[in-house]
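Hi everyone, thanks for coming.

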Amino acid sequence: ALGKEDTIATAQVDFYSADKFSLEFINNKGKKEKPVIIHRAIMGSFDRFFAFLAEQTGGAFPAWLAPEQVWILPIGSRHEEYASKIADELKRNNIRVIVKNENETVGKKIREGELQKIPYLLVVGDKEISADALSVRARGQGDLGTMQIKEFIAKITREIAEKS
């Protein structure tokens with residue numbers, strides 16, 4: 001992401017744990033001394049790993065890892081009930097979803113979702129309700145067109161399962 005190679009392995013010099021664990025040794029002069037402890041790990045700490053991952057992906061996590069996998073964007077307030085129905089179906093399939101029912105334009109909601117790097121944005125309005133479908137936008141791919149709910153669930157659950 002930043003045009004450079006990185007490593008996430010770590011070696012840490014620890015001057016504090018010897019006291020915590022009452023560690024000591026006899027040095028070559030016969031005196032007690034506290035050791036300096038060196039920790040090493042291939043991946044380093046979890047926070048370092050996730051910081052590295054966020055840096056390398058630019059925050060655009062794959063759907064299986066994204067905290068919010070799907071946003072549903074109802075066009076108007078009369079579409080919120082349908083959006084909630086879809087959200088319930090996605091939740092039953094262990095998909096992390098949020099209905100974005102703020103009083104904003106769909107264009108603004110789409111821009112916000114793209115800035116937040118949400119993997120999938122589902123737009124629902126009159127056309128989608130009458131077809132019992134949804135309009136799908138994928139991060140980095142744009143508008144994928146209209147899909148049946150079961151078709152979208154099959155797509156995203158396969159993507160999550162395969163970690164693709």
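Let me start with a question: is Glu102 buried, partly exposed or exposed? Keep in mind as we go that this is a predicted model. Glu102 has a relative accessibility of 37%, so it counts as partly exposed. Its salt-bridge partner is Lys100, with N and O 3.4 Å apart. Lys100, for its part, is at 11% relative accessibility and therefore counts as buried. There is a further member here, too: Glu112 joins Lys100 and Glu102 in a network of salt bridges.

In total, the count comes to nine salt bridges. Let me show you another of them, Asp132 with Lys85, where the closest N and O atoms are 3.2 Å apart. Asp132 sits in the loop between helix H5 (126-131) and strand E8 (133-138), while Lys85 belongs to helix H3 (residues 80-92), so this pair ties together parts that are 47 residues apart in sequence. Asp132 is partly exposed at 36%, and Lys85 is partly exposed as well, at 45%.

Then we have Glu24 and Lys32, whose closest N and O atoms are 3.4 Å apart in their salt bridge. Glu24 is partly exposed, with a relative accessible area of 44%, whereas Lys32 counts as exposed at 62%.

Val13, Phe15, Tyr16, Val36 and Ile38 make a nonpolar surface patch of about 590 Å². Within that group, Val13 is found in strand E1 (residues 10-14), and its relative accessible area of 52% makes it exposed.

Conventions:
Residues numbered from 1 in each chain as written. Predicted model: local features only at pLDDT ≥ 70, side-chain atom pairs only at ≥ 80, totals over all residues. Heavy atoms only, no water. Patch = residues over 30% accessible without salt bridge, like charges linked within 9 Å, V, L, I, M, F, W, Y side chains within 5 Å. Areas by Shrake-Rupley, 256 points an atom, 1.4 Å probe, with all protein chains shown as cover. Salt bridge = Lys/Arg side-chain N within 4 Å of Asp/Glu carboxyl O. Helix = DSSP H or I, 4+ residues; strand = E, 2+ residues; numbered from the N terminus. Buried < 20%, exposed > 50% of the residue type's maximum accessible area, 1.4 Å probe, protein only.
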